[in-house]
Amino acid sequence: MSRIVYNMPNADYHAHPALGSTTLKRWLHSPLDALTPVAKTDAMRRGTLIHEALEDVHAFLARYTLPPTREQYADAVQAIADALPDKLADLRALVDAVGAPCKARSRDDLAEAVALYIIAQCQVGETISLDDWVHVALARGATLSHPAVAATLDASKQRVAEASILWTDERTGIECKCRPDVLCLDTGTIIDWKSAADPSPRAFDKAAGAMLYHLSAAHYVDGIARHFGVSHGDLQFAFGVTPSALATPERVTVRTVDEDTIARGLALRDKALDRVAEYRLRKEQGTAWDGYADAPLPLSVPQWADRI
């Protein structure tokens, strides 16, 4: 059983209890890793912004806005200060009236509090820094200007962004989900955007191994193949890799994932599903362990430690 949902809000997708590839990768480490919320880093936040700009630039522009310039801010503070009454009681009453939180007692501090509140109310959408805005704009332009990206997108007349696929794994009965950044319905191409500090082929190969990107690719391919009733070989998966800073078309790469790599990713994905199934069974029996391991683990010292 499977279904595809178009235009599912991002928050609804992430709140859905089905398991995506990111969660499954954590299950390969331990229950503790899988059950502990992951804090979002600045790099992850900027990567999300680049993703959103690539998927729907109009929605991105509607959602985000720049903070006011220093001149706009200074003018607003001065205008509020000039308009404020002289009595301190009246000043505090005005602050309370507009709901601007401020414990300051001076006229200038109160004026600043009111100005900040008014500016915030006039902003449309979430505010991101000018630095983020520039990096996102460069990354989007560089990625879409890359010849392989342009050719892949131009070849499809039926592509959708952020379609949510939900299905039940037949072997374990576990609910799964995936949300490809771009799904080309007519060509069978799946694109997952990745931003990287170092997008060079060698560096991305290393990052892909460390982050188990082949598991993610396999999970996407499996879910989409199951929903549309096609084989894994009928689909083509590619990572569009864009630099998170100093983006130019020359530093963008498109990395295709072959069938052997998909097969290796599927083996890891199935191993993760087995661990989830075992944990849930033990949870029902009251014997589940939510830590790293409930049995002794052998110490594994890497070979490089001997090179002293």
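Modeller: Let us start with the open sheet of five strands, ordered β4-β7-β8-β9-β10 with mixed pairing. Please keep in mind that this is a predicted model.

Colleague: Happy to. What makes β4 and β10 the edges of that sheet?

Modeller: β4 and β10 (253-257) each have a single partner strand, so one side of each is left without a neighbour in the sheet. From one strand to the next, the twist averages 25°.

Colleague: How do you know that β9 and β10 pair?

Modeller: Pairing asks for at least two bridges between the strands. Strand β9 (residues 236-243) and β10 are joined by five bridges and run antiparallel, so they count as a pair. Within β10, Thr-253 is the bridge partner of Val-241.

Colleague: And what is meant by saying that α10 packs on the sheet?

Modeller: Helix α10 (residues 147-154) touches β4, β7 (182-184), β8 (189-196) and β10, where a contact means heavy atoms within 4.5 Å. The direction of α10 makes about 150° with that of β8.

Colleague: Which strands form the open sheet of three?

Modeller: The order there is β1-β5-β6, with antiparallel pairing.

Colleague: What makes β1 and β5 a pair?

Modeller: Again the requirement is at least two bridges, and four bridges join β1 to β5, which run antiparallel. Ser-2 has Trp-167 in β5 as its bridge partner. Helix α12 packs on this sheet, touching β1, β5 and β6, and its direction makes about 80° with that of β5.

Colleague: What stands opposite Trp-167 in β6?

Modeller: That is Cys-176. β5 and strand β6 (residues 175-178) pair in the antiparallel sense over four bridges. Their hairpin has six residues between the strands, and Gly-173 there takes a positive phi near 75°.

Colleague: Why is Asn-7 called exposed?

Modeller: The relative accessible area of Asn-7 is 73%. Exposed means over 50%, so Asn-7 qualifies as exposed.

Colleague: And why is Glu-162 called buried?

Modeller: Glu-162 sits at 16% relative accessibility. Buried means under 20%, so Glu-162 counts as buried. This residue is in the loop between β4 (159-161) and β5 (164-168), and its phi is positive too, near 60°, in a residue other than glycine.

Colleague: Why is Phe-228 called partly exposed?

Modeller: Phe-228, in helix α12 (residues 213-228), has 38% relative accessibility.

Colleague: How many residues does the protein have, and what share of them is buried?

Modeller: There are 308 residues, and buried ones make up 38%. The protein has 13 helices and 10 strands.

Notes:
Residues are numbered from 1 along each chain as its sequence is written. This is a predicted model: local features need pLDDT of at least 70, side-chain atom pairs count only at pLDDT 80 or more; totals for chains, interfaces and linings use all residues. Side-chain values use heavy atoms; hydrogens and water are left out. Buried means under 20% relative accessible area, exposed over 50%, partly exposed in between (1.4 Å probe, protein chains only). Helices (H or I, at least four residues) and strands (E, at least two) are DSSP runs, numbered from the N terminus. Axes are lines fitted to C-alpha atoms, for helices over the stretch in contact, and angles run from 0 to 180 degrees between N-to-C directions.
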